[in-house]
Amino acid sequence: RLVALLARLRARDVSPDYTYYGIAVPWLQVKALRALQYFPAPTDARVQAALGGALRSAIEDAGTGAKNVNKSNALHAIALEAVSLALAGAGGEDPDLAACAVGLLGRCVGAGREPNLRYLGLEAMARLVGAPGVRPAVARHQDAVSASLRDPDTSVRRRALDLLFAMATPETGPGVVAELLAYLSPDGGGCDLAMREDVALRAAVLAERFAPDPAWYADSVLALVQAAGEDAPADLWRSAVQV
């Protein structure tokens, strides 16, 4: 019943009195998408196809770039709930849906005017990065995520740090460490005092996890101690000496 209701709303099969900037009852769409997250993924092929189509439609509509702020907020409210539902596999094994979701989140993070959108985009992307086969699509937005470390909003900066840490791989890990070292340095972007210890800890973990060779690790650890100063993890020196 919820999927049928959602499909009807996506088709705008409602009275004009129940539209908001041309969107059929956006608050009801959000509620339906939120409620569906409490159910297991549908097993009926017809229901699954209908739900997958509704999710794809909601995500694609948010990417059209509405100029009106109220309409944009309504579209993104629906789309972000659709992304959350898609993350649970509700739309089935649909790589196009996952790619569509990552594209929307990348636009939220990279060009979103609203801090709330940037925050929600980073949060959803952090959950999406663990999905099978999605990590390469998320990695394409690494520059936008790194730029979010210097966002005026503290909560956005923290989410960007979480996502950078989660998306690091053996190929990208050394680059992420270099980015965090630059962020910690006095000339590299002004890491605020409340985050310095956490940034230093994440950099130390990534350096140990993805070190291409011992020499690189030793150099990175010494650079990290120099950049972080008293905020460097206590075990960092012992680890460097051991190497």
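Guide: Let's begin with rings: those of Phe, Tyr and Trp (its six-membered ring) pair if their centres lie within 6.5 Å. Keep in mind that this is a predicted model. Here, ring pairs join Y20, Y21 and W27 into a cluster.

Visitor: What makes Y20 and Y21 an edge-to-face pair?

Guide: The whole structure has two aromatic pairs. In the one formed by Y20 and Y21, the centres are 4.7 Å apart and the planes make an angle of 85°. The cut-off for edge-to-face is over 60 degrees, so 85° qualifies.

Visitor: And why is the pair of Y20 and W27 called edge-to-face?

Guide: Their ring centres lie 6.1 Å apart, within the 6.5 Å limit, and their planes are at 70°, which is over 60, so the pair is edge-to-face.

Visitor: Why is W27 called exposed, and Y20 partly exposed?

Guide: Exposed means over 50% relative accessible area, and buried means under 20%. W27 has 52%, so W27 is exposed. Y20, at 29%, falls in between, so Y20 is partly exposed. Y21 has 39%, so Y21 is partly exposed too.

Visitor: How do you know that C108 and C191 are buried?

Guide: C108 has a relative accessibility of 3%, which is under 20%, so C108 counts as buried. C191 is at 9%, so C191 is buried as well. As for disulfides, a search of the whole structure finds zero.

Visitor: Why do you say the buried residues of α3 line one face?

Guide: Looking down the axis of α3, the buried residues fall within an arc of 165°, so they line one face of the helix. They are L51, G52, A54, L55, A58, I59 and A62. On the other side of α3, A45, R46 and A49 are exposed.

Visitor: What caps the N-terminal end of α3?

Guide: D44 does: one of its side-chain oxygens is 2.8 Å from the backbone nitrogen of R46.

Visitor: Last one: why is Q142 called buried?

Guide: Q142, which is found in helix α8, has a relative accessible area of 16%, under the 20% cut-off, so Q142 is buried. Leaving out residues up to four places away in sequence, Q142 touches L164, M167, T172 and V176. L164 and M167 are among the buried residues of α9, and α8 is one of the elements covering those buried residues.

Definitions and conventions:
Residues are numbered from 1 along each chain as its sequence is written. This is a predicted model: local features need pLDDT of at least 70, side-chain atom pairs count only at pLDDT 80 or more; totals for chains, interfaces and linings use all residues. Side-chain values use heavy atoms; hydrogens and water are left out. A disulfide is a pair of cysteine sulfur atoms within 2.5 Å. Buried means under 20% relative accessible area, exposed over 50%, partly exposed in between (1.4 Å probe, protein chains only). Helices (H or I, at least four residues) and strands (E, at least two) are DSSP runs, numbered from the N terminus. The arc is that of the directions from the helix axis to the C-beta atoms. A polar contact is a pair of N or O atoms within 3.5 Å; within protein, one must be able to donate a hydrogen and the other to accept it, and residues adjacent in sequence count only if both atoms are side-chain atoms. Contact means heavy atoms within 4.5 Å. Rings of Phe, Tyr and Trp (its six-membered ring) pair if their centres lie within 6.5 Å; planes under 30 degrees apart count as stacked, over 60 as edge-to-face and the rest as tilted.
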